[in-house]
Amino acid sequence: MNSESDVLIVIDVQNDFCAGGALAVPGGEAVVELANRLGRRFANVVLTQDWHPAGHLSFASSHEGKAPFETTDMPYGPQVLWPDHCVQGSAGAAFHRNLDIPHAALVVRKGFRLEIDSYSAFFENDHATATGLGGYLRERGLSRVYLSGLATDFCVQFSALDAREQGFETTVIEDACRAGDNEEIDDRYLKKLRGEVYRVETDDGTKARMLNLDGMRERLYRFLAEKFV
Ligand code: VGL
Ligand code: ZN
């Protein structure tokens, strides 16, 4: 079991991001088993759930003449427009049926304000409206964040960068994540995360390999050796 100050955050493992869903991430459902396995190693687990009202302004269908994956200007900056997805209470918004982490103590729902999208588990896309997760982690003394889930190039990446900026030691467990667009991974995710956030791969939870060794600290080596080998 991990240390008391470690928390696993499982991002948006919901039907709409899995095969057959409205905004399916290629291989999204493949993270479920590993997320379950990792979940058993963490005393502290938080799940997030993308949770939009019908007619959400991140949906292309809410903008006359716009198609999914085009961009529009919101008051807070450019916003990609998505197919309708993760509508509150819909089957698509439910967690994947095989996600099995019953001891997860908190579910953070995000993107529930009609006018603001929220990729990050910490701040909505205006980078000002907090979800409350930062306060929860601080109050509970959870200072080391491990991220898994969907999608690497959106919700996982934005959550990782915000976690780091909020002062949490942050690690993305990459084989427990899948990306919507693997070219974006090279262009944005890797460049942005390099040097800020630890990236590991666990070979299905059997061991841990660091993907960015620069700046890695000895404590993390020790943690990984204990937990994954
Ligand atoms: C996400 C696009 C829109 C995600 C959520 O979970 O990565 N992507 N809403
Ligand atoms: Zn969304």
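Tutor: Let us begin with burial: a residue is buried if 20 or more other C-beta atoms lie within 10 Å of its own, exposed if 12 or fewer, and partly exposed in between, with C-beta atoms placed from the backbone. By that count, 43% of the 229 residues of the protein chain are buried. This is a predicted model, in which local features need pLDDT of at least 70 and side-chain atom pairs count only at pLDDT 80 or more, whereas totals for chains, interfaces and linings use all residues. Residues are numbered from 1 along each chain as its sequence is written, while chains are lettered from A and ligands numbered from 1 in the order in which they are written.

Student: How many helices and strands does the protein chain have?

Tutor: Helices (H or I, at least four residues) and strands (E, at least two) are DSSP runs, numbered from the N terminus. Here the protein chain has five helices and nine strands, and along the sequence they follow the pattern β-α-β-β-β-β-α-β-α-β-α-β-β-α.

Student: What order do the strands of the open sheet have?

Tutor: Two strands pair if DSSP finds at least two bridges between them. The open sheet has seven strands in the order β5-β2-β1-β6-β7-β8-β9, and its pairing is mixed. Because β5 (106-110) and β9 (209-210) stand at the edges with a single partner strand each, one side of each is left without a neighbour in the sheet. Further in, β1 runs parallel to β6 and is joined to it by six bridges, with D6 having R144 as its bridge partner in β6. On β2, β1 pairs in the parallel sense over four bridges, and there L8 has V45 as its bridge partner.

Student: Is β1 mostly covered or exposed, and which way do its residues point?

Tutor: Strand β1 is mostly covered, since six of its six residues are buried; D6, L8 and V10 point one way, and V7, I9 and I11 the other way.

Student: Which residues have the most contacts inside the largest nonpolar core?

Tutor: A nonpolar core is a set of buried Ala, Val, Leu, Ile, Met, Phe, Trp, Tyr and Cys residues joined through C-beta atoms within 7 Å. The largest such core has 53 residues, and V7, I9, V10, L147 and L150 have the most contacts inside it. Helix α3 gives the most to this core, with seven residues. As for contact in general, two residues are in contact if their C-beta atoms, placed from the backbone, lie within 7 Å. Leaving aside neighbours within four places in sequence, V7 is in contact with residues including F42, V46, L137 and Y146.

Student: Which residues are around ligand 1, and of what class are they?

Tutor: A residue is near a molecule or strand if its C-beta atom, placed from the backbone, lies within 6 Å of it. Around ligand 1 are D12, F17, D50, W82, Y119, L150, A151, F154 and C155. For the classes, Ala, Val, Leu, Ile, Met, Phe, Trp, Tyr, Cys and Pro count as nonpolar, Asp, Glu, Lys and Arg as charged, and the others, Gly among them, as polar. The shell around ligand 1 accordingly has seven nonpolar, no polar and two charged residues.

Student: What joins L150 and A151, and where is D12 found?

Tutor: A cis peptide bond joins L150 and A151, with omega about -15 degrees, and A151 lies in the loop between β6 and α3. D12 is found in the loop between β1 and α1; D12 is not a glycine, yet has a positive phi of about 50 degrees. D12 counts as buried because 28 C-beta neighbours lie inside 10 Å.
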